[in-house]
Amino acid sequence: MEEETTAALMSLEEDSTVPCLANGSPGPETLQGLTELLRTATARTLGDQTDIISLLDYGPERGDAEFREQLAAFLSRHYGDTVTSDNLMVTCGAMLGLRLILTTLCDLSCPVFVEDPTFWGALSMLRHDLHVNVIPAPCDDDGLDTEALDRLLTAHRPKPDEERTKKPFWAMVYTIPVFNNPTGRCHSAARCRRLVELARQHDVLVVAEDVYNLLHFGEEDGPHPPPRLLTYDHPWDPEHRGHVLSNCTFSKLLAPGLRLGWVEGPDSILRHLHGSELLKVGGSLNHYTSRLISTALKLGLIDQHLKRVRMVYKRRMEAVCRVLRNNLPRGATFFEPQGGLFVWVVFPPGCDTEKMLKWTSDRHRLTFLPGISTSPGGRHGHCTRVSISFYPEHVLVDLVSKLCRAATEFFSLHASV
Ligand SMILES: Cc1ncc(COP(=O)(O)O)c(C=O)c1O
């Protein structure tokens with residue numbers, strides 16, 4: 001079911017003549033705005049003083065040292081927390097980061113506990129490329145339901161007489177704790193603390209995707225985003241052994257085509273990743289681009305861009321939520337996030353958003369992400385995710401108004417939902 005929905009959705013997204021509220025990439029306007037930044041960074045990176053050989057050779061396994069320094073300073077500023085370059089490693093984006101983490105640190109036969117709902121792309125890769133045993137863990141308004149997760153971990157824990165994996169961890173938990181995709185919610189501090197406690201107690205790896213944290217809607221000099229899960233795994237705790245990784249990307253902060261990301265974590269875990277044969281042979285996972293972005297970071301260009309897009313997304317989010325508040329059919333609700341790119345709309349139970357998608361696409365030439373494709377447990381069929389990243393505000397407002405009209409019409413014709 002989820003497989004079919006995803007395939008159908010991909011083909012809808014490919015038909016660029018039909019507007020699609022599922023698209024979570026930065027839109028053409030945002031990407032166009034990066035032209036000058038990249039021109040300047042490229043000119044500087046390829047300047048007369050540059051050692052072209054070191055720029056174009058394989059890079060160091062962990063990634064270029066200067067890039068990691070610049071990135072650490074940038075993250076420290078924007079997280080409001082100290083990040084050190086020794087705890088950072090370059091990747092070619094979060095999806096490939098996740099794949100490297102899973103294949104290096106766990107056996108593919110290991111269980112992977114995934115929030116229900118979750119990022120449909122990761123779910124699809126885990127199931128259809130890697131064929132791992134995905135186990136849904138329920139969520140509520142405070143994020144991942146850690147007591148339910150505790151029961152699931154206990155049930156799947158290897159028996160004492162079972163053969164131990166030779167990999168560092170017997171299971172992985174995949175989570176999006178801050179401005180979650182698709183719900184836009186953040187795990188409460190209590191849930192974050194409990195999740196780290198469980199990771200230690202059951203000795204499992206937790207991969208937190210911190211993809212949207214820096215897209216928070218606080219004032220420029222105001223509060224920082226909620227702390228990432230990694231900060232709850234304090235190195236000074238007597239029980240600390242290192243169970244959490246923060247898997248991140250420039251795809252949403254800058255552009256997905258750069259294919260640049262990073263993993264932050266303790267050396268006890270990172271050394272398995274950059275010590276892998278893949279990296280020993282191939283070096284840095286994205287050397288040239290990381291050097292380019294290092295220059296842009298040094299010149300302050302990424303800070304300026306981030307400031308701009310945060311304001312743009314904040315305005316779009318407010319506009320979209322205004323439309324939803326005034327126009328959603330009775331019984332439908334939504335949560336207004338304080339950051340990130342998605343609004344999760346919940347229609348009354350029994351509403352089938354896959355059927356609604358077909359209706360909306362045929363009659364109104366508009367598509368969206370039906371909740372079922374975000375659910376490892378085949379749930380959330382009555383929900384939908386609306387993305388604010390792709391279209392400019394005036395277009396987005398028109399499309400979301402259209403979605404509300406289409407839903408109202410669909411409801412009146414399918415009165416039983
Ligand atoms: C939670 C999450 N992880 C990863 C990605 C993709 O990241 P990348 O483009 O770096 O592979 C997305 C994109 O939607 C996402 O929402």
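1. The buried residues of α12 are H287, S290, R291, L292, I293, S294, T295, A296 and L297. Helices (H or I, at least four residues) and strands (E, at least two) are DSSP runs, numbered from the N terminus.

2. Please keep in mind that this is a predicted model, in which local features need pLDDT of at least 70 and side-chain atom pairs count only at pLDDT 80 or more, while totals for chains, interfaces and linings use all residues. Residues are numbered from 1 along each chain as its sequence is written.

3. What covers the buried residues of α12? The cover includes α3 (35–45), α4 (52–56), α5 (65–79), β1 and α13 (301–327). After α12 comes G300, with a positive phi near 80°.

4. Strand β1 also belongs to an open sheet of eight strands with mixed pairing, in the order β1-β8-β7-β6-β5-β2-β3-β4. Its edge strands are β1 (88–91) and β4 (143–144), each of which pairs on one side only. Two strands are taken to pair if DSSP finds at least two bridges between them. β1 runs antiparallel to β8 (residues 261–264), and four bridges join the two. Within β8, W262 is the bridge partner of V90, and V263 is that of M89.

5. Are the faces of β1 buried or exposed? Both are covered, with L88 and V90 buried on one side and M89 and T91 buried on the other. As a reminder, in a regular strand the side chains alternate between the two faces of the sheet.

6. Helix α6 (residues 94–105) lies across β1, β5 (172–175), β6 (205–209), β7 (244–249) and β8, and runs at about 150° to β7. Axes are lines fitted to C-alpha atoms, for helices over the stretch in contact, and angles run from 0 to 180 degrees between N-to-C directions.

7. Leaving aside neighbours within four places in sequence, N247 is in contact with A94, G97, L98, I101, V207, A208, E209 and V263; contact means that the C-beta atoms, placed from the backbone, lie within 7 Å. N247 and G265 are 18 residues apart in sequence and 8.8 Å apart in space, C-alpha to C-alpha.

8. The ligand is surrounded by 15 residues, of which the closest are G93, A94, M95, T249 and S251. A residue is near the molecule if its C-beta atom, placed from the backbone, lies within 6 Å of it. The elements that give two or more residues to this shell are α6 and α7 (120–129). By class, the shell has seven nonpolar, seven polar and one charged residues. Ala, Val, Leu, Ile, Met, Phe, Trp, Tyr, Cys and Pro count as nonpolar, Asp, Glu, Lys and Arg as charged, and the others, Gly among them, as polar.

9. A few backbone details deserve a look. Most residues other than glycine have a negative phi, and most peptide bonds are trans. The bond from D116 to P117 is cis, with omega near 15°, and P117 lies in the loop between β2 (111–116) and α7. The bond from N181 to P182 is cis too, with omega near 20°; P182 sits in the loop between β5 and α9 (189–202).

10. H131 is not a glycine, yet its phi is positive, about 55°. It is in the loop between α7 and β3 (133–140), and H131 is exposed, with 10 other C-beta atoms within 10 Å. R259 has a positive phi near 50° and is in the loop between β7 and β8. R259 is partly exposed, with 17 other C-beta atoms within 10 Å.

Terms used
Contact = placed C-beta atoms within 7 Å. Buried ≥ 20, exposed ≤ 12 C-beta atoms within 10 Å, placed from the backbone.
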